[in-house]
Structure formats: C-alpha cells, structure tokens
Amino acid sequence: MDMMTETTPESLYASMLRQSLWVVTTRPARGPGIQAVLPEHLAYQVALERAGTLFGAGPIFEEGDAAPPTGGMIILRAATEAEARQIAEADPFHAKGLRQFTLHRWLLNEGSMTLTLRYSDQSLVLG
C-alpha cells in the first residue's frame, strides 16, 4: 500500500465485498422432539446448500468443544429480510416449534477462503 495515499475508513470500505447475508441463530440445541425431526432438518439444510441459499451452518458451543452445543447458526443468502425470515421459518425445527430463532443482517466485508482442487483423486480441500 502506498503510504502517501490517504486511507480513511470510507476509502477502505469502498473496496470491501459488502455482501449482505442473514444469520439465523437457533435455540435450544437439544430438547424433546429434536432427534425425531433431525433428519428432516438436515435434508432441508442440504437442499438449501444445493440451491446456493445456504452459505454455512452448524452448532454453537459456548463452553468449548467438550460441552454439548447450546444452539445453532445458519447463514443464508437472501435478497431481503422477509425472504430470509421465510426460509428460516420453513426449517422443520422452527416450523414445528422445536426451536426458536433470531435473524440478523450480516455485512460480509473481510475474510478469505482457500480451496485446493486435486485433479489426481478429484478431491477438494478447504483450508
């Protein structure tokens, strides 16, 4: 970076990704009925993934890896809050009243992702 160029927060933000995503946090991680609906929930998540709607999802641990998860987090690609809410409400856990969720808009600015595609065995490694 040229030290002579003025860098302000505004000039830095202008070049960032600034992609709106929607973060769904869910609770509780466990409870009556959860195990019975888990296959349906996972199938819904995989369908969202294959449609390009699901950016990422997984459990939340508040006391380290040894403790059981306390909830979950789902990151969605959606054009509007209403669309993201509709997607979250359709999750079988939410639709059946087994989990409560909160919805937050997340502006993805910084970060990176590394992919290694190995031609020899057709494997993909995320790093």
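User: Where is Pro28 found?
Analyst: Pro28 is found in the loop between β1 and α2; helices (H or I, at least four residues) and strands (E, at least two) are DSSP runs, numbered from the N terminus. This is a predicted model in which local features need pLDDT of at least 70 and side-chain atom pairs count only at pLDDT 80 or more, while totals for chains, interfaces and linings use all residues. Residues are numbered from 1 along each chain as its sequence is written, and side-chain values use heavy atoms, with hydrogens and water left out.

User: Is the peptide bond from Arg27 to Pro28 cis or trans?
Analyst: That bond is cis, with omega near -5 degrees. Most peptide bonds are trans, and most residues other than glycine have a negative phi.

User: Which residue other than glycine has a positive phi, near 55 degrees?
Analyst: Gln122 has that value. Gln122 lies in the loop between β5 and β6.

User: Buried or exposed, Gln122?
Analyst: Gln122 is exposed, at 71% relative accessible area. Buried means under 20% relative accessible area, exposed over 50%, and partly exposed in between (1.4 Å probe, protein chains only).

User: Back to Arg27: which residue forms a salt bridge with Arg27?
Analyst: The partner is Glu62, with the closest N and O atoms 2.4 Å apart. The pair links distant parts of the chain, since Arg27 is in strand β1 (residues 19-27) and Glu62 is in the loop between β2 and β3, 35 residues apart. Arg27 is partly exposed, with a relative accessible area of 43%.

User: How many salt bridges does the whole structure have?
Analyst: The search finds 3, a salt bridge being a side-chain nitrogen of Lys or Arg within 4 Å of a carboxyl oxygen of Asp or Glu.

User: What does Glu40 pair with?
Analyst: Glu40 forms a salt bridge with Lys96, and the closest N and O atoms are 3.2 Å apart. This pair also links distant parts of the chain: Glu40 is in helix α2, and Lys96 is in the loop between α4 (92-95) and β4 (100-108), 56 residues apart. Glu40 is partly exposed at 40% relative accessible area, and Lys96 is partly exposed at 49%.

User: And which residue meets Glu81 in a salt bridge?
Analyst: The side chain of Arg85 meets that of Glu81, at 3.4 Å from N to O. Both residues lie in helix α3, 4 residues apart, about one turn of the helix. Glu81 is partly exposed, at 40% relative accessible area, and Arg85 counts as partly exposed at 32%.

User: Changing topic: what volume does the largest pocket have?
Analyst: The volume is about 300 Å³. Of the 19 residues that line this pocket, the closest to its centre are Leu38, His41, Pro59, Phe93 and Arg99. Two or more lining residues come from each of α2 (34-51), β2 (54-60) and β3 (71-76), and α2 gives the most, with 6 residues.

User: How is a pocket told from a cavity?
Analyst: On a 1 Å grid over the protein atoms alone, a cavity is a set of points where a 1.4 Å probe fits but cannot get out, whereas a pocket is an open set with protein on both sides within 12 Å along at least five of seven lines; lining residues have an atom within 4 Å of a point. Grid points are joined across faces, edges and corners, and a volume is the space filled by probe spheres set on the points.

User: How many cavities of 30 Å³ or more are there?
Analyst: The structure holds 1. About 40 Å³ of space lies in the largest cavity. Its lining includes Val24, Tyr44, Leu48, Ile74 and Asp91. The largest share, 3 residues, comes from α2.

User: Which residues form the nonpolar patch on the surface?
Analyst: The patch is formed by Met113, Leu115, Leu117, Tyr119, Leu124 and Leu126, with about 770 Å² of accessible area together. Patches are made of residues with over 30% relative accessible area and no salt bridge; like charges are joined within 9 Å, and nonpolar side chains (Val, Leu, Ile, Met, Phe, Trp, Tyr) within 5 Å. Accessible areas come from the Shrake-Rupley method with a 1.4 Å probe, and for residues only the protein chains shown count as cover. β5 (115-118) and β6 (123-126) each supply at least two residues of this patch.

User: Where is Tyr119 found?
Analyst: Tyr119 is found in the loop between β5 and β6. Tyr119 is exposed, with a relative accessible area of 72%.
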